[in-house]
Amino acid sequence: MNRKRCLNCGHSISDEFCAHCGQKSDTARITPHSLIKNDILGSIWHVEAKFFNTLKDVLFRPGTTAMDYISGKRIRYNNFISLLLILFGFNVLGLHFYEKFAPPETLANDSEIKDFFSKYSKTILFVIIPMLAINAYFLFKKIKLNIAEHFIIGTVSLLGILIIFLLDDIVSLIGLWKPVSKIFNIFDKVIFGLFILFPAVTYWNAFKNSYSKTGLLCRVSILYVLMGIESLTIIIILYRIF
């Protein structure tokens, strides 16, 4: 077997990557062609492809994505926590542009709700995941996941919600154009329904092979009741304190 030395760490290698440091074995002298193809275009494509593939999987197979990640299949996904912060930033930006372009009468109709979520969005972001994780830990004991693994499922669920919120921001912005406002108002209501249902979709997708349909439906329903009570309690506390 032909073996050579890794140019990064000096260890002997015989495969595509060095087993010691992970660098590719075919590292060669940088040329204008390799700089453009591999370093510039290659890195951009790799980052974008991984980013959008993660978003697609979170949106269309959230529970499976979370369980894959928990089981160790992680190379195809962006880090969920980093992605959470990126999407949160996009949502803040989307809300900013909506408030910038929306007429005063439109903002007046929903100002109280938007002001509340704008003011306490960070608190809501960091509370939803622990709430989902703790509730699911007790409701889905049969799966034998620890609290940190339930935290991952809660994170994926919130990622999906933020993606839907971002779509809603785009729909709301387009809906400001009067000729299409009625159509996009309908889209806005549909998207709001998806936001409400997304955690249920996540847990159903994750555990559909581990429970009967009736058992899973009961557990997901209880999860929603608990989340509703806890969310209402937190909102009341925030209003009274601040």
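This is a predicted model: local features need pLDDT of at least 70, side-chain atom pairs count only at pLDDT 80 or more; totals for chains, interfaces and linings use all residues.
Q: How many aromatic pairs does a search of the whole structure find?
A: The search finds 10 aromatic pairs. One of them joins Tyr-77 and Phe-80.

Q: Why is the pair of Tyr-77 and Phe-80 called tilted?
A: The centres are 5.9 Å apart and the planes stand at 45°. Stacked needs under 30 degrees and edge-to-face over 60, so the rest count as tilted. The Tyr-77 and Phe-80 pair is therefore tilted.

Q: What makes Tyr-77 and Phe-80 buried?
A: Buried means under 20% relative accessible area. Tyr-77 has 3%, and Phe-80 has 2%. Both residues are therefore buried.

Q: Why are the rings of Phe-140 and Tyr-203 called stacked?
A: Their centres lie 5.6 Å apart, with the planes at 0°. Pairing requires centres within 6.5 Å, and stacking requires planes under 30 degrees apart. The pair is therefore stacked.

Q: What parts does the pair of Phe-140 and Tyr-203 tie together?
A: Phe-140 lies in the loop between helix 4 and helix 5, and Tyr-203 lies in helix 6, so the pair ties together parts 63 residues apart in sequence. Phe-140 and Tyr-203 are buried.

Q: Why is Lys-144 called exposed?
A: Its relative accessible area is 74%. Exposed means over 50%, so Lys-144 qualifies. Lys-144 sits in the loop between helix 4 and helix 5.

Note on methods: Residues are numbered from 1 along each chain as its sequence is written. Side-chain values use heavy atoms; hydrogens and water are left out. Helices (H or I, at least four residues) and strands (E, at least two) are DSSP runs, numbered from the N terminus. Buried means under 20% relative accessible area, exposed over 50%, partly exposed in between (1.4 Å probe, protein chains only). Rings of Phe, Tyr and Trp (its six-membered ring) pair if their centres lie within 6.5 Å; planes under 30 degrees apart count as stacked, over 60 as edge-to-face and the rest as tilted.
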